[in-house]
Amino acid sequence: MNKIYWTHFIHHEWKLYMAATENGLCYVGSPNKPYEEMEKWLTKRFPKYKLEENPKALELYIIEIKEYLDGDRSEFTLPVELKGTAFQLAIWDALTKIPYGEKKSYSQIAEFINNSAAIRAVGAAIGANPVLITIPCHRVVAKNGSLTGYRGGLEMKEKLLTLEKGEQ
């Protein structure tokens with residue numbers, strides 16, 4: 001049976017669950033959410049996998065996320081394993097193209113994938129992003145620049161954007 005390794009990541013005020021398969025990081029959760037949120041998400045998308053707590057298996061991912069949260073990393077190099085529709089995968093890939101410290105609007109993401117009419121669908125796909133922080137959906141804002149919904153909560157979104165501006 002395939003395994004998904006998980007850990008409860010704690011670094012300064014950050015407390016979140018994360019998980020990876022042997023192919024890559026597959027989940028980074030919202031801060032202070034329970035284990036059950038991660039478990040429900042993973043068992044729905046990886047039904048034939050067994051969850052196993054194993055911080056050692058996530059060590060390289062932990063290092064990169066700590067470096068990012070400490071302001072010492074601006075991009076992630078380790079693989080991800082994403083489960084989603086072709087449209088979601090295209091949106092999540094587009095998010096990785098937003099440079100560190102920059103923001104894009106939902107309409108700009110829709111235009112980037114050559115589907116300018118799909119703004120609401122873009123928002124839904126962004127909201128379904130399973131790998132917070134490393135797939136930088138926090139860099140997407142309303143057209144007028146205001147912060148809008150974020151699976152990790154607006155407080156997390158604001159903290160990440162502030163971090164990327166170098167104003168920790």
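A pocket, as the word is used here, is an open set of grid points where a 1.4 Å probe fits, with protein on both sides within 12 Å along at least five of seven lines. In this predicted model, the largest pocket has a volume of about 280 Å³. Of the 19 residues lining that pocket, Glu-75, Phe-76, Thr-96, Thr-134 and Pro-136 are the closest to its centre.

**The largest pocket**
- Helix α2, which covers residues 59-69, gives the most to the lining of the largest pocket, with 3 residues.
- Sorted by class, the lining of the largest pocket has 13 nonpolar residues, along with 3 polar and 3 charged ones.

**Strands β1 and β2**
- Strand β1 takes in residues 2-11 and pairs with β2 in the antiparallel sense, over 7 bridges.
- The two strands β1 and β2 form a hairpin with 2 residues between them.
- In the turn of that hairpin, look for His-12, which has a positive phi of about 55 degrees.
- Strand β2 runs over residues 14-21 and is mostly covered, with 7 of its 8 residues buried.

**Strands β2 and β3**
- Strand β3 (residues 24-28) pairs with β2 in the antiparallel sense over 4 bridges.
- A hairpin is formed by β2 and β3 too, with 2 residues between them.

- Ala-19 in β2 is the bridge partner of Trp-6.
- In β3, Tyr-27 is the bridge partner of Ala-19.

Conventions: Residues are numbered from 1 along each chain as its sequence is written. This is a predicted model: local features need pLDDT of at least 70, side-chain atom pairs count only at pLDDT 80 or more; totals for chains, interfaces and linings use all residues. Side-chain values use heavy atoms; hydrogens and water are left out. Buried means under 20% relative accessible area, exposed over 50%, partly exposed in between (1.4 Å probe, protein chains only). Two strands pair if DSSP finds at least two bridges between them. On a 1 Å grid over the protein atoms alone, a cavity is a set of points where a 1.4 Å probe fits but cannot get out, and a pocket is an open set with protein on both sides within 12 Å along at least five of seven lines; lining residues have an atom within 4 Å of a point. Grid points are joined across faces, edges and corners, and a volume is the space filled by probe spheres set on the points. Ala, Val, Leu, Ile, Met, Phe, Trp, Tyr, Cys and Pro count as nonpolar, Asp, Glu, Lys and Arg as charged, and the others, Gly among them, as polar.
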